[in-house]
Amino acid sequence: MTLVAATYTVTLRYTRTMGGELYFSTTAVCITEVMKLCISMSILAKETRSLRGMMASLRDNVLRSPKEMLKLSVPSLVYAIQNNMAFLALSNLDAAVYQVTYQLKIPCTALCTVLMLHRSLSKLQWISVFMLCGGVTLVQWNPAETTKVQLEQNPVIGFVALTIAVLCSGFAVLASMGGLYTSVVVKYTDNIMKGFSAAAAIVLSTVASVMLFGLQITLTFILGTLLVCISIYLYGLPKQDTTQIQPAESDQSVKERLITV
């Protein structure tokens, strides 16, 4: 998951800024979804143990369930917008800046869960959300510059596109629970490991940006990135279960227990 997150942003940034004839972002998004479809169908074929079983499963769960298909079309549309906005954002923002700012999807998803699913966040999670927003603000306050990218860029357009991608991500994650590799990580590890993965991806993207694009790291970028990484870790910490805490013993009970001993 770490390698996918870091490689995705750095590669996309490289292909959009290193000169030459640009490809259509819509074509890249379409090819990506076709590849995901092929992988998903392969996994389904393995689970059903035959091609006939896979077709029967698709017929029962897709063709014969139009309401479910309609529900799935909502996050699909949101993902399409999100992915196209990611291409536009990385055409105007450095990969490391993008990687840090994109973590705003955490507070966005948190707000969606509170407002739409009526779930509650712990005090530590709220603190981490505000800490993350502060870190992103520091990163954007004095944006790091790149010396090896000669194309004209518009950071405002990049930030607006990234904001739209973040909003789409918060809603889409809520609707479809993320991608294939994310589901595997959540299944076999925990939120803390997922947080470490996101932080490691930020570090890898920063190192790659320095080497490939000549990113000039500033103090505000370092402080903002550090705040974001810490907030990701804090947000993923499990909530303390206070339902099993026993009430405190009275003085009389303590005296009786001591006498018994």
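Entry: basis. I am working with a predicted model, in which local features need pLDDT of at least 70 and side-chain atom pairs count only at pLDDT 80 or more, while totals for chains, interfaces and linings use all residues. I number residues from 1 along each chain as its sequence is written, and side-chain values use heavy atoms, with hydrogens and water left out.

Entry: fold. I looked up the secondary structure and found 12 helices and two strands, taken as DSSP runs numbered from the N terminus (helices H or I with at least four residues, strands E with at least two). Along the sequence the pattern reads α-α-α-α-α-α-α-β-α-α-α-β-α-α. Of the 261 residues, 36% are buried, where buried means under 20% relative accessible area, exposed over 50% and partly exposed in between, with a 1.4 Å probe and protein chains only.

Entry: record. I checked UniProt, where an unreviewed entry places the feature "transmembrane region" at residues 22–45, 126–144, 156–180, 192–213 and 219–237; such annotations may be inferred rather than shown by experiment. In the model, residues 22–45 are 88% helix and 0% strand, with end C-alpha atoms 36 Å apart, and residues 219–237 are 95% helix and 0% strand, with end C-alpha atoms 28 Å apart.

Entry: salt bridges. I searched the whole structure and found two salt bridges, each defined by a side-chain nitrogen of Lys or Arg within 4 Å of a carboxyl oxygen of Asp or Glu. One joins E33 and K36 at 3.6 Å, N to O; both residues lie in helix 2 (residues 25–48), three residues apart, about one turn of the helix. E33 counts as partly exposed at 32% relative accessibility, and K36 counts as partly exposed at 34%. D60 bridges to R64, with the closest N and O atoms 3.3 Å apart; D60 is partly exposed at 37%, whereas R64 is exposed at 59%.

Entry: surface. Which residues make the nonpolar surface patch? I noted Y14, M18, V203, V207, V210, M211, L212, I217 and I222, with about 770 Å² between them. Helix 10 (residues 191–213) gives the most, with five residues. I217 lies in the loop between strand 2 (215–216) and helix 11 (219–236) and is partly exposed at 39%. Q216 lies in strand 2 and is partly exposed at 42%; its C-alpha atom is 10.0 Å from that of T206, 10 residues apart along the chain.

Terms used
Patches are made of residues with over 30% relative accessible area and no salt bridge: like charges are joined within 9 Å, nonpolar side chains (Val, Leu, Ile, Met, Phe, Trp, Tyr) within 5 Å. Accessible areas come from the Shrake-Rupley method with a 1.4 Å probe; for residues, only the protein chains shown count as cover.
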